[in-house]
Amino acid sequence: MHVAPMNKIIIIPGSSRKESFNRRLAASVAKVLEAQGAAATVVNLADYPMPIFDEDWETENGAPKEAKALASLIGEHDGVVFVTPEYNATLPPILKNAMDWLSRDVGLKVYQDRVFALAACSPGGLGGIRVLSHIRDVMVSVGADVITPQIAVGQAHTAFNPDHTLTNERSAGMLERMCAVLIKRIQTSKAA
Ligand SMILES: Cc1cc2nc3c(=O)[nH]c(=O)nc-3n(C[C@H](O)[C@H](O)[C@H](O)COP(=O)(O)O)c2cc1C
């Protein structure tokens, strides 16, 4: 009997704050992906501290070992979900900095050969919808394959049940669909 290899998806929250809502949303994404048959890994960018990107620093040192380590871990996965806060309508520096380092010489082409999805969470009503279009622009500029379904979870203080499910049915449905499309796209690109 042929058993298809499990699809492996890494989830990267753009906040390492202890009580981060985006880390909570990352746990929700992982739960749904696993329920849909994928293997999910959630990382914490605090475990990969990188200097603020500087070309002189890069010329002297190359990419930081933490960027190479994160790239190597991403390389073991078929898909990536960025789960990001919105800071002043755009990307938080910890995530943008990591994304810039990952676009450099880190041992593999992080933004090729895998499929990406985007999610955001905010205490505000719009859930960080503006950062999603900014991060999508960045992803397009590095040539990444990003699926169209995405999710912005607002009212973060009341958005999560203790078991990591989402309290809002519509958001829960959007999350299910985003995960299903991500897995399907991974399968399609693996078959190609
Ligand atoms: C510098 C800064 C700028 C922010 N700008 C926005 C914003 O543009 N839109 C928004 O919805 N929330 C904004 N917030 C509030 C964040 O959504 C909130 O702090 C959120 O909890 C951060 O995500 P986290 O809980 O995952 O750490 C901002 C917060 C900070 C610190």
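Guide: What follows is a set of questions and answers about this model, which is predicted.

Visitor: How far apart are the end C-alpha atoms of helix α5?

Guide: Helix α5 covers residues 129-141, which is 13 residues. At 1.5 Å a residue, these should span 18 Å. The distance in the model agrees with that: the end C-alpha atoms are apart by 19 Å.

Visitor: Within what arc do the buried residues of α5 fall?

Guide: The buried residues of α5 are Val-131, Leu-132, Ile-135, Val-138 and Met-139. Seen down the axis, they line one face of the helix, because they fall within an arc of 125°.

Visitor: Which residue with a positive phi follows α5?

Guide: The phi in question is near 80°. The residue that follows α5 with this value is Gly-143.

Visitor: Which residues have the most contacts inside the largest nonpolar core?

Guide: The largest nonpolar core has 33 residues. The elements that give two or more residues to this core are β1 (8-13), α3 (65-75), β3, α4, β4 and α5. Apart from it lies another core, of 30 residues, including Val-29 and Cys-179. In the largest core, the residues with the most contacts are Ile-12, Phe-82, Met-99, Ile-135 and Met-139.

Visitor: Which elements do the buried residues of α4 pack against?

Guide: The buried residues of α4 are Leu-95, Asn-97, Ala-98, Met-99, Trp-101 and Leu-102. The elements they pack against are β1, α2 (55-61), α3, β3 and α5.

Visitor: Is Ala-89 buried or exposed?

Guide: Ala-89 sits in the loop between β3 (79-84) and α4 (93-102). Its phi is near 75°, a positive value in a residue other than glycine. The relative accessible area of Ala-89 is 18%, and the cut-off for a buried residue is under 20%. Ala-89 is therefore buried.

Visitor: What is the relative accessibility of Gln-155?

Guide: Gln-155 is found in the loop between β6 (151-153) and α6 (169-191). Gln-155 also has a positive phi, of about 50°, although it is not a glycine. It counts as partly exposed, because its relative accessibility is 46%.

Visitor: Which residue's side chain makes a polar contact with the side chain of Asp-78?

Guide: Asp-78 is found in the loop between α3 and β3. Leaving aside neighbours within four places in sequence, Asp-78 is in contact with residues including Met-6, Arg-114 and Ile-186. At 3.4 Å, the side-chain partner in the polar contact is Lys-190.

Visitor: How far is an oxygen atom of the ligand from an N or O atom in the side chain of Arg-17?

Guide: Of the 13 residues around the ligand, Arg-17 is one of those that come nearest, and Ser-15, Ser-20, Glu-86 and Ser-122 are the others. An oxygen atom of the ligand is 2.9 Å from a polar backbone atom of Ala-89, and one is 3.3 Å from an N or O atom in the side chain of Arg-130. For the side chain of Arg-17, the distance is 2.7 Å.

Definitions and conventions. Residues are numbered from 1 along each chain as its sequence is written. This is a predicted model: local features need pLDDT of at least 70, side-chain atom pairs count only at pLDDT 80 or more; totals for chains, interfaces and linings use all residues. Side-chain values use heavy atoms; hydrogens and water are left out. Helices (H or I, at least four residues) and strands (E, at least two) are DSSP runs, numbered from the N terminus. Buried means under 20% relative accessible area, exposed over 50%, partly exposed in between (1.4 Å probe, protein chains only). The expected span of a helix is 1.5 Å times one less than its number of residues. The arc is that of the directions from the helix axis to the C-beta atoms. A nonpolar core is a set of buried Ala, Val, Leu, Ile, Met, Phe, Trp, Tyr and Cys residues joined through side-chain atoms within 4.5 Å. A polar contact is a pair of N or O atoms within 3.5 Å; within protein, one must be able to donate a hydrogen and the other to accept it, and residues adjacent in sequence count only if both atoms are side-chain atoms. Contact means heavy atoms within 4.5 Å. A residue is near a molecule or strand if one of its heavy atoms lies within 4 Å of it.
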